[in-house]
Amino acid sequence: NLADEASKQDTVDKLAEANGYFKKKGWGDIGLIVFDTLTKAMSGKDQNSVEDTSSVFETTDLLKEVGVTASVVFVHHNNKSGSGPRGSSNIMAAPDTVLSVAKKEARMVDSEKCEIIELSVFMARAIDDTQTYDFAMRSVELGVNNQGIMDIAPVLTLLKSRQEQPTVSEDK
């Protein structure tokens with residue numbers, strides 16, 4: 001529970017320890033940390049509260065303080081209209097980047113029916129925002145695991161390049 005100070009610090013300490021272990025093994029730093037979902041990461045707290053969401057997002061600052069340089073992703077859901085994330089306005093204000101992922105209608109790509117995933121930049125501090133990217137998602141069989149189950153991985157291929165739109169700079 002990243003909204004609870006003791007739990008948040010315990011999580012940060014464990015991630016710092018794991019990062020140190022990876023470096024010691026020669027694997028380099030942890031590159032990505034994903035909290036799925038924001039609501040689950042703040043159990044018992046209110047996603048509509050600026051105070052509660054700020055407490056959760058503070059985790060990224062604490063990770064930096066202990067030397068963890070990984071990108072941190074909080075998975076969250078859009079509001080009913082799909083116009084942005086549900087909950088506190090802080091959910092759009094605190095992160096450096098807010099992305100939206102949506103499933104579109106499947107279509108044929110290179111003679112294969114593929115799910116189409118759309119990635120849109122809702123807001124970004126350091127990159128051009130209002131960009132949209134489409135990806136074809138295919139399932140690739142990796143082989144049978146120890147439990148006798150076929151492991152399958154999604155593979156995403158960019159379908160269309162960045163749509164040129166006006167750049168939004170941080171000073172606007």
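Guide: In this predicted model, a residue counts as buried under 20% relative accessible area and as exposed over 50%.

Visitor: Is Asp 110 buried or exposed?

Guide: Asp 110 belongs to the loop between strands E3 and E4. The cut-off for the exposed class is over 50% relative accessible area. The relative accessible area of Asp 110 is 69%, and therefore this residue is exposed.

Visitor: What is the phi of Ser 111, and in which loop is the residue found?

Guide: Ser 111 has a relative accessibility of 72% and so counts as exposed. Its phi is positive although the residue is not a glycine, with a value of about 65 degrees. Asp 110 likewise is not a glycine and has a positive phi, of about 50 degrees. As for the location of Ser 111, the answer is the loop between E3 and E4.

Visitor: Which strands stand at the edges of the sheet?

Guide: The open sheet is formed by 4 strands with antiparallel pairing, in the order E3-E4-E5-E6. A strand with a single partner has one side left without a neighbour in the sheet, and so the edge strands are E3 (97–109) and E6 (150–158).

Visitor: What is the average twist from one strand to the next?

Guide: The strands concerned are those of the open sheet E3-E4-E5-E6, in which the pairing is antiparallel. From one strand to the next, the twist averages 30 degrees.

Visitor: Which residue in E6 is the bridge partner of Val 140?

Guide: Strand E5 covers residues 132–144 and pairs with E6 in the antiparallel sense, over 9 bridges. For Val 140, the bridge partner in E6 is Ala 153.

Visitor: Is Ser 88 buried or exposed?

Guide: Ser 88 is part of the loop between strand E2 (71–75) and helix H3 (90–93). Residues under 20% relative accessible area are classed as buried. Ser 88 has a relative accessible area of 5%, and therefore it is buried.

Visitor: Which residues is Ser 88 in contact with, leaving aside its neighbours within four places in sequence?

Guide: Ser 88 itself is located in the loop between E2 and H3. With those sequence neighbours left aside, the residues in contact with Ser 88 are Gln 47, Asn 48, Ser 49, Val 50 and Thr 53.

Technical notes:
Residues numbered from 1 in each chain as written. Predicted model: local features only at pLDDT ≥ 70, side-chain atom pairs only at ≥ 80, totals over all residues. Heavy atoms only, no water. Pairing = 2+ DSSP bridges. Helix = DSSP H or I, 4+ residues; strand = E, 2+ residues; numbered from the N terminus. Axes fitted to C-alpha atoms, helices over the stretch in contact; angles between N-to-C directions. Buried < 20%, exposed > 50% of the residue type's maximum accessible area, 1.4 Å probe, protein only. Contact = heavy atoms within 4.5 Å.
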